[in-house]
Amino acid sequence: MSKYLITNCSVLILFVILMSSCGVQRTSQPGALYDPKEVADLSRKLGIELSNINKDDDKNMGLYAESSLWLGVPYRYGGQTRKGLDCSGFASIIFQKVYGKKLPRSTNDLADMKMHHVSKGSLRTGDLVFFATTGNKKKISHVGIYLKDDCFIHASTSNGVIVSSLKEDYYKRTWKKGGRVR
C-alpha cells in the first residue's frame, strides 16, 4: 500500500472516531440536537434532567456521555482504568477525553493548579468541585466534576463512580471550593 493510501485511511478512521466519540448521535429531527431516546437514556443513567433540544445540554453532551460510561467503576487508589480508579484519576481521564486537557494527577495538585475559582451558586457543567473529606478539614482530599442541577460525578471510595448531590449533608459539610479550568 502506498503512503498516500495509508494516510488517507488513517485520516478517515480518525474522523469516524471523532464524530462518534461522545456516544450520542445527532438526529435529523427539526429542533432536536440529539436522538431523544439516547438523551433519555443518558438522563436516566446520570439521574439528571437532560433535553435533546437544550443548547447547554448540547454543548456538554460529550461530558455527559463519556462520564456515564464510567458509572459503577470501582474505586482503586492510584487507579486510572476501568478496573478501578480514584477521584483525581477519574477527573484527569474525563478532562483528557472530553476536553483534550491534561490535568495534574493528584487531588492536591488539582486543587493548587491555576483555575478560576467559582462559588457553589455559580458552578457550570464541567467545573471541578473540591471537598475536605478526611480528618483534616482544611486539606482538600476529594474532587468531582459538576454536571448540572447541583449534581456532580466522582469516584467515591465506597461506591466507585457515582453521581451525588451538593445538597447532601455530607457534601454541604465537606465543601471547599469550585474551580473552572481554562
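**Entry 1**

I looked up Ser 68 and found a relative accessibility of 8%, so Ser 68 counts as buried (buried means under 20% relative accessible area, exposed over 50%, partly exposed in between, with a 1.4 Å probe and protein chains only). The model is a predicted one, in which local features need pLDDT of at least 70, side-chain atom pairs count only at pLDDT 80 or more, and totals for chains, interfaces and linings use all residues. I number residues from 1 along each chain as its sequence is written, and side-chain values use heavy atoms, with hydrogens and water left out.

I located Ser 68 in helix H4, residues 61-68 (helices, H or I of at least four residues, and strands, E of at least two, are DSSP runs numbered from the N terminus). Not counting residues up to four places away in sequence, Ser 68 touches Leu 42, Lys 45 and Leu 46 (contact means heavy atoms within 4.5 Å).

**Entry 1: Helix H5**

I compared the end-to-end distance of H5 with expectation. The 13 residues of H5 should span 18 Å at 1.5 Å a residue, and the end C-alpha atoms are 17 Å apart, which agrees (the expected span is 1.5 Å times one less than the number of residues). I listed the buried residues of H5 as Cys 87, Ser 88, Gly 89, Phe 90, Ala 91, Ser 92, Ile 93, Ile 94 and Phe 95. Just after H5, Gly 100 takes a positive phi of about 70°.

**Entry 2: Gln 80**

I found Gln 80 in strand E1, residues 80-81. With a relative accessible area of 38%, Gln 80 is partly exposed. Leaving aside neighbours within four places in sequence, I noted contacts of Gln 80 with Leu 85, Gly 89, Ser 92, Ile 93 and Arg 105. Gln 80 and Ala 91 are 11 residues apart in sequence and 9.9 Å apart in space, C-alpha to C-alpha.

**Entry 3: The loop between E5 and E6**

I examined Asp 149, which is found in the loop between E5 and E6. Its phi is near 50°, a positive value in a residue other than glycine. Asp 149 has a relative accessible area of 49% and is therefore partly exposed.

I located Asp 150 in the loop between E5 and E6. Phi of Asp 150 is near 65°, again positive in a residue other than glycine. Asp 150 is partly exposed, at a relative accessible area of 23%.

**Entry 4: Pockets**

I turned to the largest pocket, which holds about 350 Å³ of space. For pockets, a 1 Å grid is laid over the protein atoms alone; a pocket is an open set of points where a 1.4 Å probe fits, with protein on both sides within 12 Å along at least five of seven lines, and lining residues have an atom within 4 Å of a point. Grid points are joined across faces, edges and corners, and a volume is the space filled by probe spheres set on the points.

I counted 16 lining residues for the largest pocket, with Lys 59, Asn 60, Arg 124, Thr 125 and Gly 126 nearest its centre. Helix H3 (55-59) and helix H5 (87-99) each supply at least two residues of this lining, and the largest share, 3 residues, comes from H3. By class, the lining has 4 nonpolar, 4 polar and 8 charged residues (Ala, Val, Leu, Ile, Met, Phe, Trp, Tyr, Cys and Pro count as nonpolar, Asp, Glu, Lys and Arg as charged, and the others, Gly among them, as polar).

The second largest pocket has a volume of about 300 Å³. Of its 17 lining residues, I noted Tyr 75, Cys 87, Ser 141, His 142 and Thr 157 as nearest the centre. H5, strand E6 (151-156) and helix H7 (169-174) are the elements that give two or more residues to this lining. The lining of the second largest pocket divides into 5 nonpolar, 10 polar and 2 charged residues.

**Entry 5: The whole chain**
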